[in-house]
Amino acid sequence: MTKSNYKLTKEDFNQINRRSLFTYQWGWNYERMQASSYLYMILPQLRKMYGDGTPELKTMMKTHSQFFNTSPFFHTIIAGIDLALEEEQGVDSAEAVSGIKTGLMGPFASIGDAIFGSTIPAIFGAIAANMAVQEVGGKNNGTPFGILIWILANIAIMFFRWKQLEFAHKEGVSLVTTMQARLAALTDAATLLGVFMVGALVATMVNIKFVAVPEVFGVKINIQNTLDSIFPKLVPLAVTGFVYWLLGKKGMTSTKAIFIVIALIVALAGLGHLVNMPIIAK
């Protein structure tokens, strides 16, 4: 048997989506990354197409065991195209399936990371943080409602992931060519919006300023006013740039970077006590 006579049903799409949402990252490993997860996700449907224990099933299982790694938010688009091909051509599609998976995993990884890995967390994180620290009359009047907005956004993402498999299966290979230009434009727009939101987040949420007013040759110098006249919010930008630089160092983690920043703040506070003049403040 080279061609499959089995056609995927609504229950098949639901089963693939359940495995995609709840178990897809369980099989991740450093050697072949998401390959075993991808195979597990579609294995029941492969069995229905080729039959248990058949040479065709073994061939396709070996095909799907090869290295694979893409965005967890877009892998079911590739699965939809893959299954459409296998429905049409059976085991004869093995080479085409391997080529499509290899060719699409990189572009979809960059799109998924730009939109769902960076932009959306930055936008909704900034909204939730701003709503949590709102002050009225010097008192914290924050609300946890921002978290609810974030949860609703994630539900919307889950819905998007659930629907894209069936859409990709219906459109098949033509999806790649018809949506190529739109996906590129969407990636550029998402990247630009993400950079904009990160800039706004740094300016509003990183609250640190110099309060020291040293006296030099009888003249008092307000360091913070001087810096603001050069570039407003220069200190938060410098702190963010310093942490970004730290995270690029080998062996550095976000936890280590946090402790380094805390240690520097404690050191500056201690120095302020020694010179009897506070140096920094929130």
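How are α4 and α5 oriented to each other: roughly parallel or roughly antiparallel? I started my notebook with that pair.

**Entry 1: ground rules**

I am working from a predicted model, where local features need pLDDT of at least 70, side-chain atom pairs count only at pLDDT 80 or more, and totals for chains, interfaces and linings use all residues. Residues are numbered from 1 along each chain as its sequence is written, and side-chain values use heavy atoms, with hydrogens and water left out.

**Entry 2: α4 and α5**

I looked up the geometry first. Two packed helices are described by the angle between their axes and the distance between the axes. The axes of α4 and α5 cross at roughly 165° and come within 10 Å. Axes here are lines fitted to C-alpha atoms, for helices over the stretch in contact, with angles from 0 to 180 degrees between N-to-C directions. The two helices are therefore roughly antiparallel to each other. On this scale, under 35 degrees is roughly parallel, over 145 roughly antiparallel, 65 to 115 roughly perpendicular, and the rest oblique.

I noted the hand of the crossing too: α4 passes α5 right-handed.

Then I listed the contact, meaning heavy atoms within 4.5 Å. From α4 it takes I77, I78, I81, D82, L85 and E86; from α5 it takes A96, V97, I100, K101, L104, M105 and F108. By class I wrote down ten nonpolar, no polar and three charged residues. Nonpolar covers Ala, Val, Leu, Ile, Met, Phe, Trp, Tyr, Cys and Pro; charged covers Asp, Glu, Lys and Arg; the others, Gly among them, are polar.

**Entry 3: the loop between α4 and α5**

Next I checked S93. It sits in the loop between α4 (75–89) and α5. Is S93 buried or exposed? S93 counts as buried, at 0% relative accessibility. The cut-offs are under 20% relative accessible area for buried, over 50% for exposed, and partly exposed in between, with a 1.4 Å probe and protein chains only. Apart from neighbours within four places in sequence, S93 is in contact with L85 and E86.

I followed L85 back into helix α4. L85 is buried, with a relative accessible area of 11%. Its C-alpha atom is 7.2 Å from that of V97, twelve residues apart along the chain.

**Entry 4: α5 and α6**

I moved along α5. Helix α5 (residues 94–132) packs with helix α6 (residues 145–171) at an angle of about 155°, the axes 7 Å apart. This pair is therefore also roughly antiparallel. The crossing is right-handed. On the α5 side I listed F116, I120, P121, F124, G125, I127, A128 and M131; on the α6 side, F145, G146, I147, I149, W150, A153, I157 and F160. The class count is 14 nonpolar, two polar and no charged residues.

I also picked out A122 in helix α5. A122 is buried, with a relative accessible area of 13%.

**Entry 5: α2 and α3**

I turned to helix α2 (residues 35–50) and helix α3 (residues 55–64). Their axes cross at roughly 160° and come within 9 Å. They are therefore roughly antiparallel to each other. The crossing is right-handed. A35, Y38, L39, I42, L43, L46, R47 and Y50 of α2 meet E56, L57, M60, M61 and H64 of α3. The contact has ten nonpolar, one polar and two charged residues.

**Entry 6: positive phi**

M33 is not a glycine, but its phi is positive, near 50°. M33 lies in the loop between α1 (10–23) and α2. K233 has a positive phi of about 65° and is not a glycine either. I placed K233 in the loop between α9 (223–230) and α10 (234–247). K233 is partly exposed, with a relative accessible area of 43%.

**Entry 7: the whole protein**

The protein has eleven helices and six strands. Helices (H or I, at least four residues) and strands (E, at least two) are DSSP runs, numbered from the N terminus. Of its 282 residues, 35% count as buried. Among contacts between residues at least 6 apart in sequence, 68% join residues at least 24 apart. The accessible surface comes to about 16,700 Å², and 67% of it belongs to carbon and sulfur atoms. Such areas come from the Shrake-Rupley method with a 1.4 Å probe; for residues, only the protein chains shown count as cover.

Terms used
Left-handed = near helix turned anticlockwise from the far one by under 90°.
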